[in-house]
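Dear colleague,

Please find below the structure that I am handing over to you. My notes on it come directly after.

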Amino acid sequence: MKPRRSYLVFIHIAAVAVAGLILAPFGWLLFASLSSQNDLLARPLSWIPRDPTLERYRAIATTSGADVAGAFRTSLLTSTIVAGSTVVISMCVGVLGAYAFARLRFRLRRMTLALFLSTYMLPPIAIIIPIYLILSTVGLLDSKLGLIIVYCSFVTPFVLWIMSNFFLSLPQELEDAARVDGCSRLGALFRIVLPIARPGLFATMMFAFLLAWDEFLYALVLTSSSNAKTVPVAIAEFTGRFSVDFGLVAAGGVLASVPPVLLALAFQRYIVGGLTSGAVKG
């Protein structure tokens with residue numbers, strides 16, 4: 001039955017309204033990054049910049065690393081390295097572990113999975129001091145490698161939790177047919193399961209990247225030099241002791257949101273394509 005025109009009009013109006021509510025903060029962030037300090041402090045507030053300027057983006061792109069704008073540029077590279085490495089390590093370990101929890105039957109399986117999940121549920125403020133002391137003892141304090149290890153400690157349980165449930169939703173008959181044809185368990189995983197599980201894989205990778213990219217507390221406590229500070233810490237340092245450059249904070253927020261947005265757009269194509277992919281033996 002074809003829906004009525006009034007229903008379609010209502011759906012489109014509702015979709016536009018929801019999209020406007022969601023995108024309004026990002027639009028204001030962009031306008032604030034282009035506004036002068038006087039426009040941001042003016043009363044009544046000017047929603048559209050009277051004198052747009054790209055000076056803050058120019059400062060971030062061209063200044064040296066001695067000031068906060070140059071340090072932010074360095075933090076973008078640091079966050080990319082730390083978040084990317086965390087995703088690669090966590091996905092390699094988490095996918096293999098999730099497949100084992102989903103398909104293998106062994107003693108204390110549920111308890112072991114719950115133990116991994118409990119590490120993810122712990123509040124960071126409760127374990128930050130032991131982590132700080134451990135990294136200080138092994139000489140990994142204020143380093144990218146130290147952050148990667150810490151981030152993997154809570155991203156990997158997240159991958160285990162998400163992917164184990166996703167593997168349980170896949171039909172096991174495809175793996176059984178592959179193993180009957182002589183394929184090993186690992187061969188069935190890489191040749192049968194992972195191609196079918198691409199939607200879950202890319203969605204999990206995206207969320208894992210966001211967990212590492214947006215993390216603030218660990219990066220704030222465990223780093224002190226500009227070579228190890230991540231984007232959230234660099235944006236926090238835009239706040240001075242006696243004044244705040246709100247436009248510079250907004251510009252940092254816009255630039256910090258670009259990699260996750262691009263990642264989501266790229267993964268969206270693979271997720272939609274993965275829904276119709278996969279193969280069965282004919």
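The notes below go from the whole chain to single residues.

This is a predicted model, in which local features need pLDDT of at least 70 and side-chain atom pairs count only at pLDDT 80 or more, while totals for chains, interfaces and linings use all residues. Residues are numbered from 1 along each chain as its sequence is written, and side-chain values use heavy atoms, with hydrogens and water left out.

Overall architecture

The chain holds 13 helices and zero strands; here helices (H or I, at least four residues) and strands (E, at least two) are DSSP runs, numbered from the N terminus. The C-alpha trace spans about 70 × 70 × 30 Å along its principal axes. Of the 282 residues, 36% count as buried, where buried means under 20% relative accessible area, exposed over 50%, and partly exposed in between (1.4 Å probe, protein chains only). The accessible surface comes to about 16,600 Å², and 70% of this belongs to carbon and sulfur atoms; the areas come from the Shrake-Rupley method with a 1.4 Å probe, and for residues only the protein chains shown count as cover. Among contacts (heavy atoms within 4.5 Å) between residues at least 6 apart in sequence, 71% join residues at least 24 apart.

Nonpolar core and surface patch

In soluble globular proteins, nonpolar side chains tend to be buried together. The largest nonpolar core in this model has 52 residues, and those with the most contacts inside it are Tyr151, Phe167, Tyr218 and Leu222. Such a core is a set of buried Ala, Val, Leu, Ile, Met, Phe, Trp, Tyr and Cys residues joined through side-chain atoms within 4.5 Å. Setting aside residues up to four places away in sequence, Phe167 touches Val95, Ala98, Tyr99, Ala102, Arg103, Val193, Leu194 and Ala197.

On the surface, Ile129, Tyr132, Leu133, Phe216, Leu220 and Val221 form a nonpolar patch with about 530 Å² of accessible area together. Two or more residues of this patch come from each of helix 6 and helix 11 (217-222), and helix 6 gives the largest share, three residues. Leu133 is found in helix 6. Patches are made of residues with over 30% relative accessible area and no salt bridge; like charges are joined within 9 Å, and nonpolar side chains (Val, Leu, Ile, Met, Phe, Trp, Tyr) within 5 Å.

Salt bridges

Side chains of opposite charge can pair when their charged atoms come close. The structure holds three salt bridges, each defined as a side-chain nitrogen of Lys or Arg within 4 Å of a carboxyl oxygen of Asp or Glu.

1. Arg103 and Glu175 meet through their side chains at 2.7 Å, N to O. Arg103 lies in helix 4 and Glu175 in helix 8 (residues 173-180), so the pair ties together parts that are 72 residues apart in sequence. Arg103 is buried at 9% relative accessibility, and Glu175 is buried at 3%.

2. Glu55 pairs with Arg58, with the closest N and O atoms 2.7 Å apart. Both residues lie in helix 3, three residues apart, about one turn of the helix. Glu55 is partly exposed, with a relative accessible area of 44%, and Arg58 is partly exposed at 44% as well.

3. Glu237 and Lys229 meet at 2.3 Å, N to O. Glu237 counts as partly exposed at 33% relative accessibility, whereas Lys229 is buried at 15%.

A buried arginine

Arg56 has its place in helix 3 (residues 55-62) and counts as buried, at 10% relative accessibility. The Arg56 side chain reaches the backbone oxygen of Ser33 at 3.2 Å, a polar contact (a pair of N or O atoms within 3.5 Å; within protein, one must be able to donate a hydrogen and the other to accept it, and residues adjacent in sequence count only if both atoms are side-chain atoms). Leaving aside neighbours within four places in sequence, the residues in contact with Arg56 include Ser33, Leu34, Leu40, Asp245 and Leu248.

Backbone geometry

Most residues other than glycine have a negative phi. Leu108, which is not a glycine, has a positive phi of about 60°. Leu108 lies in the loop between helix 4 (68-103) and helix 5 (109-121) and is exposed, with a relative accessible area of 54%. Asp142 also has a positive phi, near 60°. Asp142 lies in the loop between helix 6 (124-138) and helix 7 (144-168) and counts as partly exposed at 25% relative accessibility.

With kind regards
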